Amino acid sequence: MEILRLLWVTIMLLFFSHLINVEGRHHLSKKPKSKNISYVPSPVDVHVDEQPPAASPVSTIVPSDPSYGGPTGSTNSDSGCVFDVTEYGAIGDGSTDDTDAFRAAWKEACQVESAVVLAPADHVFMITSTIFSGPCKPGLEFQVNGILMPPDGPDCWPKKDSNKQWLVFYRLDNMTFTGTGTIEGNGEKWWELPCKPHRGPNGSTLPGPCDSPAMIRFFMSSNLVVRGLRIQNSPMFHMKFDGCEGVLIDQLSISSPKLSPNTDGIHIENTKSVGIYNSVIANGDDCISIGPGSSNVDIEAVTCGPSHGISIGSLGVHHSQACVSNITVRNTIIRESDNGVRIKTWQGGSGSVTGLSFDTIQMENVRNCIIIDQYYCMTKGCQNETSAVCVKDISYRNIKGTYDVRSAPIHFACSDTIACTNITMSEVELLPHEGELVDDPFCWNAYGIQQTLTIPPIDCLQDGMPQSIGEDAYTCS
C-alpha cells in the first residue's frame, strides 16, 4: 500500500512539473492582404542631393575588425516574427508591381521588435521607388533571398516617382539589410541616356546618365548592418550612406560593367564610424568613394576592380568646405583599375583631409596607383584659385604590385597655395605590368618622408615642411 501511495505522488509531481515548464507561445497573425492597400508614405520628401543635418548623438556599435561577431547573415527568420511579402499580396513574377505588398509588410514589421521583412527565394519582385521610414522597433531586418529589382529603365519609371533614388531607408536605428538574394538595378537603359559623356572602348566617348537613381540609400540612420547580398547593375551609385552613424558593411558582392558611368559601389558622405569588410566590388566608377563630412572609416579585406579605385572625394566643389578624417584602407587588392588610392579635390574649396592610412595594398595593373589630385575638374574651364582643401598626415605603407605604364604610378599634384604635408612613404614597391616606365613619379608642393627606398624612386617629395603652410584658415573644427 505504501508503495502504491509513493507511485501516485511521483506521477502527480511529474504532471504538475510539466504544466509549469510549458512556455507560453503566440503567433503573429498575418492574413494575406488585398493588393488595394491604402498606404500613406512618409511626409518627408527625401532627395539625394540634399544635405542632411549633423547626426544626433547615438549609441553606436562599430566593429574594428572583420572578425566582429555581431549580426550575421544568419537571420531572424526562425524567430516567429516574419512578415513574408507574399502574404501581403506580392506575386514575385518579375513583372507585377509588388510595391504595395512591401510597404504593407514593412508598416506592420516596423511595430514589432526583431521583426523580419522577408522577400523569399525563388521569386523576382519588382517594386517602384519607395521610402522605408522609421523610427521602428529595434532589431528590424529586411531580408532578401529572392531577386528584388526596379522598373526596367527610364521609360518604365513612374512619372510620379523620384528618379534620383530607388530604395531609401530613412530614420532607422539598429536595422539590418541582408539575405542570400540579389538586388538587380536594371541599369543598362539608364547608362545609355544622351546626357553625360563618359569614356568608351578604345578612347571613344559614349553617352551617360542624367538624373539616374541611386539604387540603395540609407539616410539619417544609425547602427546599420548590410551583409551578404549581391548588388548589381545600378543606374547610378549602388549604395549610398549620408547622415548616418555606426555602419557595418560585410560580405557584399557589388558589380556592374567596367564602362557603366557613375556606378560607384559604396558612397559615404556626412557619415561617421563605418566598417567595410570582406567584399568584392567591380564597377564603372569608384569602388568606394568617401565624400565630405566623413570620419572614422575602416576598410579591410576588399577586392576592388575593374573600377576607378578607392577615392577620397571629390571635395571642395563650388567653393564648399569639406572635412574628412581618420580613414584606414588595409589588406586590400586593387586590380585592372584607372586609379588605385586617390585623393581628389577641386580648386577653391576649403576644409581638410587628414589622418589617412593606406596599408598593405596589392596593385595589379593599375594606372595612377597612388594619387593626390588637387586640380580635379570635370571640364576644361577650371582655373587655379587661392583657396584649397588642406591635405596632411597621409601614410602609404606596404603598397606593392604592378602598374599600367601609361601613367606614372605616383602622382602628388598639391595646391599652389597650401602644400600637402606629412606624407609618409614606407615599403612602396611598384613595377611595370608590361613595358618600361615612361614617366617618373610626379610631385608638386608635396612634403613628407621616405622611411624606406621607394620603387620607383620618388625624389620629388620634399623633406620637412614648407616655410608657409597657410592651413589654419582651411582646417576643420
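User: Is cysteine 476 buried, partly exposed or exposed, and at what relative accessibility? Please take its disulfide from there and then go on to the others.

Analyst: A quick note on the ground rules: this is a predicted model, where local features need pLDDT of at least 70 and side-chain atom pairs count only at pLDDT 80 or more, while totals for chains, interfaces and linings use all residues. Residues are numbered from 1 along each chain as its sequence is written, and side-chain values use heavy atoms, with hydrogens and water left out.

Now your cysteine. At 26% relative accessibility, cysteine 476 counts as partly exposed (buried means under 20% relative accessible area, exposed over 50%, partly exposed in between, with a 1.4 Å probe and protein chains only). Its partner is cysteine 323, and the S to S distance in this disulfide is 1.9 Å (a disulfide here is a pair of cysteine sulfur atoms within 2.5 Å). Cysteine 323 is partly exposed too, with a relative accessible area of 25%. The torsion about their S-S bond is about -95 degrees, so the link is left-handed. Cysteine 323 sits in strand E24 (residues 321-335) and cysteine 476 in the segment after strand E32 (446-450), so the pair ties together parts that are 153 residues apart in sequence. Helices (H or I, at least four residues) and strands (E, at least two) are DSSP runs, numbered from the N terminus.

That segment after E32 also holds leucine 453, which is exposed, with a relative accessible area of 67%.

Back to the sulfurs: the structure holds six disulfides. Another one joins cysteine 110 to cysteine 136, S to S 2.0 Å. Cysteine 110 lies in the loop between helix H2 (99-109) and strand E3 (116-119), and cysteine 136 in the loop between strand E5 (130-133) and strand E6 (140-144), so this pair ties together parts 26 residues apart in sequence. Its S-S torsion is about -100 degrees, so this disulfide is left-handed. Both cysteine 110 and cysteine 136 are buried.

Then there's the pair of cysteine 414 and cysteine 420, with sulfur atoms 2.0 Å apart. The link is left-handed, at -115 degrees about the S-S bond, and both cysteine 414 and cysteine 420 are buried.
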